[in-house]
Amino acid sequence: LPGNHDPDLRQEMFTSDNIRVFTKPTLRSIDRRLFLFLPYTEGATAGQMIAGFRNSGRLRAHPWILVSHGDFGAPRRGENGQERGYFPLTRRDLARFQPLKVILGHIHLPNSTSEDVVYPGSPYPITAAEYGRRRVLILDTASGSVEQLLLDWPPVYLLAKLLLIPDGREERQIREQLEAAVADQHLPEKLVVQVVLRGYSASRSRAKRLVEALLSERGIGCGGIDLQSLKANEQHSLATLAEAVRQRVERLELRYPEAEELRQAVLEKALRIVYGA
């Protein structure tokens, strides 16, 4: 489907017999399943285009699948290359037209295949800010279910946020947190990690060198090391107190879906109190 960056995409550009280009809104039955292929349309919304098919009676009552290119809900600047909203589809549209499944391009960040609206994501990272494994999707036309096929050939970009305490064991802290960040990545030779260091360190330059050495040791590419949120502090008494606070925070029982993210936020706030910053 042509999108906002390739409006001139045409069938004649391809030689393979198994590729179809839909340059106009098209209804097509595939394996007795009705599909609406809806390419990007400048100045319109997906809901307006779907309504035209519904009002003409061409969208029958039985379950159908929408394949389109545009935003879903609020514009996702951080997920689609920092672009503004394009050809939006809304939750109201879903409630009104009730597609069985929606496969939506334009949004570069993949989401769960169990969602009603699934974003395959870009199959190759356009920028280093598109983190994680790349994939394509396989749709079961009978059930409308979707499964992902992870791709081995694109590079994998990763963002690792490390929180440090100047307790004399910063190398261990960095190693453990980096190992946790890359634990579920199966292609270390293709990994490029951008590291953000937060918290406090006796030596910011030494912390940077430790990260570089550990990434090199693992054969992982370095996409940059951000030190802006890492403060220098050599007060050993405060480091002792900070370590005690860290242990208390780790023992907190947090029964939330994002418990670890919350734990890190609590610890970071506590450290700012300890160090008076």
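Is Arg169 buried, partly exposed or exposed, and at what relative accessibility? The first legend answers this for a predicted model.

**View 1. Arg169 in a loop.** Arg169 sits in the loop between β8 (156-164) and α3 (170-182). Its relative accessibility is 35%, so Arg169 counts as partly exposed; the range for that class lies between 20% and 50%. Gly199 is 30 residues away from Arg169 along the chain, and the C-alpha atoms of the two are separated by 14 Å.

**View 2. Helix α5, residues 236-251.** The helix has 16 residues. From the first C-alpha to the last, α5 reaches 23 Å, which is close to the 22 Å expected at 1.5 Å a residue. Six names make up the list of buried residues in α5: Leu238, Ala239, Ala242, Glu243, Arg246 and Val249. Seen down the axis of α5, these buried residues fall within an arc of 140 degrees, so they line one face of the helix.

**View 3. The two sides of α5.** What do the buried residues of α5 pack against? They pack against α6, residues 259-275. On the other side of α5, the exposed residues are Ser237, Thr240, Arg248 and Arg251.

**View 4. Phe22 and Phe37, a stacked aromatic pair.** A search of the whole structure finds 6 aromatic pairs. One of them is formed by Phe22 and Phe37, with 4.1 Å from centre to centre and 5 degrees between the planes. This pair links distant parts of the chain: Phe22 lies in the segment before β1 (26-30), while Phe37 belongs to strand β2 (residues 33-38), and they are 15 residues apart. Phe22 and Phe37 are both buried. Ring pairs also bring in Phe35, so that Phe22, Phe35 and Phe37 are linked into a cluster.

**View 5. Tyr200 and Tyr275, a stacked pair.** How far apart are the ring centres of Tyr200 and Tyr275? The centres are 4.0 Å apart and the planes stand at 20 degrees, so the pair is stacked; the cut-off for stacking is under 30 degrees. The two residues come from distant parts of the chain, 75 residues apart, with Tyr200 in strand β9 (residues 191-201) and Tyr275 in helix α6. Tyr200 is buried, and Tyr275 is buried as well. Helix α6, which holds Tyr275, is also the helix against which the buried residues of α5 pack.

Notes: Residues are numbered from 1 along each chain as its sequence is written. This is a predicted model: local features need pLDDT of at least 70, side-chain atom pairs count only at pLDDT 80 or more; totals for chains, interfaces and linings use all residues. Side-chain values use heavy atoms; hydrogens and water are left out. Helices (H or I, at least four residues) and strands (E, at least two) are DSSP runs, numbered from the N terminus. The expected span of a helix is 1.5 Å times one less than its number of residues. Buried means under 20% relative accessible area, exposed over 50%, partly exposed in between (1.4 Å probe, protein chains only). The arc is that of the directions from the helix axis to the C-beta atoms. Contact means heavy atoms within 4.5 Å. Rings of Phe, Tyr and Trp (its six-membered ring) pair if their centres lie within 6.5 Å; planes under 30 degrees apart count as stacked, over 60 as edge-to-face and the rest as tilted.
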